[in-house]
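Me: I'd like to go through this structure feature by feature, with you showing me how to read each one. Where do we start?

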Amino acid sequence: MNVLVCGGAGYIGSHAVRELMKAGHRAVVLDNLSRGHRGAVGDAIFIEGDIADRDLLAGLIRREGIEACMHFAAHSLVGESVGRPDTYYFNNVVKGLALLDACVKAGVRCFVFSSTAAVYGDPVEVPIKEDHPTVPANPYGATKLAFEGALRWYGGAFGLKYASLRYFNAAGADPAGDIGEDHDPETHLIPLVLKAASGKLPGISVFGNDYPTPDGTCIRDYIHVTDLARAHLLALEYLRSGMPSDCFNLGNGSGYSVLEVIKTAEEVTGRSIEVKFSARRPGDPAVLVAGAGKAREALGWRPQFDDLRTIIETAWAWHRDHPDGFGGRNA
Ligand code: UFG
C-alpha cells in the first residue's frame, strides 16, 4: 500500500515508517523538518514540505498513488501550548485541515490520526476508556480534539474512513537502536532521566511529591513507541477491511510513578540519578492510565514491549549510543 506519512521524520512518525516498510508497504514521508530529523526517515521516500501546501499535496498524492494517510505532523508540548495557543491552533488545526481537504479531494479514503490522552483532561475515572468525557485542560489537547471532530464530520460527509489513536505516554526506541527520541527542547520524563544518567544533565526535577498516589508522584501509562507504530498499521488494516471509523486508546493499562521510572532507569543504566523535588507542574493530572481494551479487541493490538524495564532498556540503548540524538535539528 502507498501510505503518506505526514510528520514521518518525528519521533513516533519515524517508528511508524519503519513498521510500514517492514510490513512491505511503501511509505512516502512529508515533513517540514521544523521538529523532525532527516536521519530518522531511513530508506523511505522523503519530501521536505508542509502539510498546508495544497499544490504540493495534490501533486504528490497523485504522483505517488497515495491510498492512505497517517498524520503525525503536529506540535505536541503541553506546556508550550499553554503559552502559544495561536501556534497550536494554526499548526494542529488550520494546517491539519489543509491536509485533510487535500486527502478528501484526491480520493484518499483511509486516514490514521495521531491523537492523545490529553483530549480527556483531568480524569474523572481511571482507567480512562474512550467514552470518558473529553474536556481538554490545555490547548494541545483541545487542538487534537478539534481535529478529531473534523474527522468525524468529514467522514460523514465525504466518506473518509478514519481512526483517531489516543496515545498515553510514548516512550522507548526501536530495538535496532538506530532511531529514537530526539526533541529540542526535551521535556519528557524518560529521556530527561536518561540524560541525567549519562551525565548530560545534573539530575532530574520531580514535579510534585504530594499527589494522592502511593509515593506522592504522578502515575503514567508508558507505551513503547514500536507498539504505538504497530497499532497504526493495524488501524489501517481495520479501516481497509470496511470496519467503522472510531477512536482508540493506546496504552498498556498499567501505571508507574515518576519515582518508579527513575528507580528502573537506575537499574537499567547501572548509574545513580540525582533527584530533586520541585513544585507540581501546572496541568499534570495525578494518574493517567489507559483502558485500552478496545484497541485489543477491535484492532487485535497486542503490545510486545509492555513492561517498563524493557521500554527503558530500548530508550537507554538509543541515548547511550546517540548522546547527541540525530546530531542537530535537520540532521
Ligand atoms: N516529570 C517530572 N520531571 C520532568 C519531566 C516530567 O517529574 O522533568 C513528570 C511529569 O510531571 C509527569 C510525568 O513525569 O508526571 C510524565 O511527564 P511527561 O512530560 O513525560 O509526559 P506527560 O504525562 O506530561 O505527557 C503525556 C504525553 C502528552 C499528553 C499528556 C496528557 O506526552 O502527549 O501526557 O497529559 F498530552
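This is a predicted model: local features need pLDDT of at least 70, side-chain atom pairs count only at pLDDT 80 or more; totals for chains, interfaces and linings use all residues.

Me: Does Arg-166 count as buried or exposed?
Reply: Buried means under 20% relative accessible area, exposed over 50%, and partly exposed in between (1.4 Å probe, protein chains only). Arg-166 has 5% relative accessibility, so it counts as buried. Its side chain makes a polar contact of 2.9 Å with the side chain of Tyr-120. By polar contact I mean N or O atoms within 3.5 Å; within protein, one must be able to donate a hydrogen and the other to accept it, and residues adjacent in sequence count only if both atoms are side-chain atoms.

Me: Which strand does Arg-166 lie in?
Reply: Arg-166 lies in strand S6; helices (H or I, at least four residues) and strands (E, at least two) are DSSP runs, numbered from the N terminus. Two strands pair if DSSP finds at least two bridges between them. S6 (residues 161–167) runs parallel to S11, with 5 bridges joining them, and Ala-163 stands opposite Asp-246 in S11. S11 (residues 246–250) is mostly covered, with 4 of its 5 residues buried.

Me: What is the order of the strands in the open sheet?
Reply: The general idea is that strands of a sheet pair through backbone hydrogen bonds, either parallel or antiparallel. Here 3 strands make an open sheet in the order S12-S9-S14, with mixed pairing.

Me: How many aromatic pairs does a search of the whole structure find?
Reply: The search finds 6. Rings of Phe, Tyr and Trp (its six-membered ring) pair if their centres lie within 6.5 Å; planes under 30 degrees apart count as stacked, over 60 as edge-to-face and the rest as tilted. Phe-111 and Phe-147 have ring centres 6.1 Å apart and planes at 35 degrees, so that pair is tilted. The pair links distant parts of the chain, since Phe-111 sits in strand S5 (residues 110–116) and Phe-147 in helix H5 (residues 139–158), 36 residues apart. Both are buried, and together with Phe-113 they form one aromatic cluster.

Me: And which residues form the aromatic pair that is edge-to-face?
Reply: That's Tyr-154 and Phe-158, 5.4 Å centre to centre with 75 degrees between the planes. An α-helix has 3.6 residues a turn, so residues three or four places apart point the same way. These two both lie in H5, 4 residues apart, about one turn of the helix. Tyr-154 is buried at 18% relative accessible area, whereas Phe-158 is partly exposed at 45%.

Me: How many residues of H7 are buried?
Reply: 12 of its 16 are, so H7 is largely enclosed by the rest of the structure. Among them are Val-225, Asp-227, His-232 and Tyr-238. After H7 comes Gly-242, with a positive phi near 95 degrees.

Me: Let's finish with the ligand: which residues come nearest?
Reply: Near means that a heavy atom of the residue lies within 4 Å. Of the 20 residues around the ligand, Leu-189, Ser-205, Arg-220, Arg-281 and Asp-284 come nearest. A polar side-chain atom of Arg-281 is 2.6 Å from a ligand oxygen atom, and one of Asn-169 lies 2.9 Å from an oxygen atom of the ligand. Ser-205 uses a polar backbone atom, 2.7 Å from a nitrogen atom of the ligand.

Me: Where is Asp-284 found?
Reply: Look in the loop between strand S13 (275–278) and S14. Asp-284 counts as buried, at 18% relative accessibility, and a polar contact of 3.1 Å joins its side chain to that of Arg-281.

Technical notes:
Residues are numbered from 1 along each chain as its sequence is written. Side-chain values use heavy atoms; hydrogens and water are left out.
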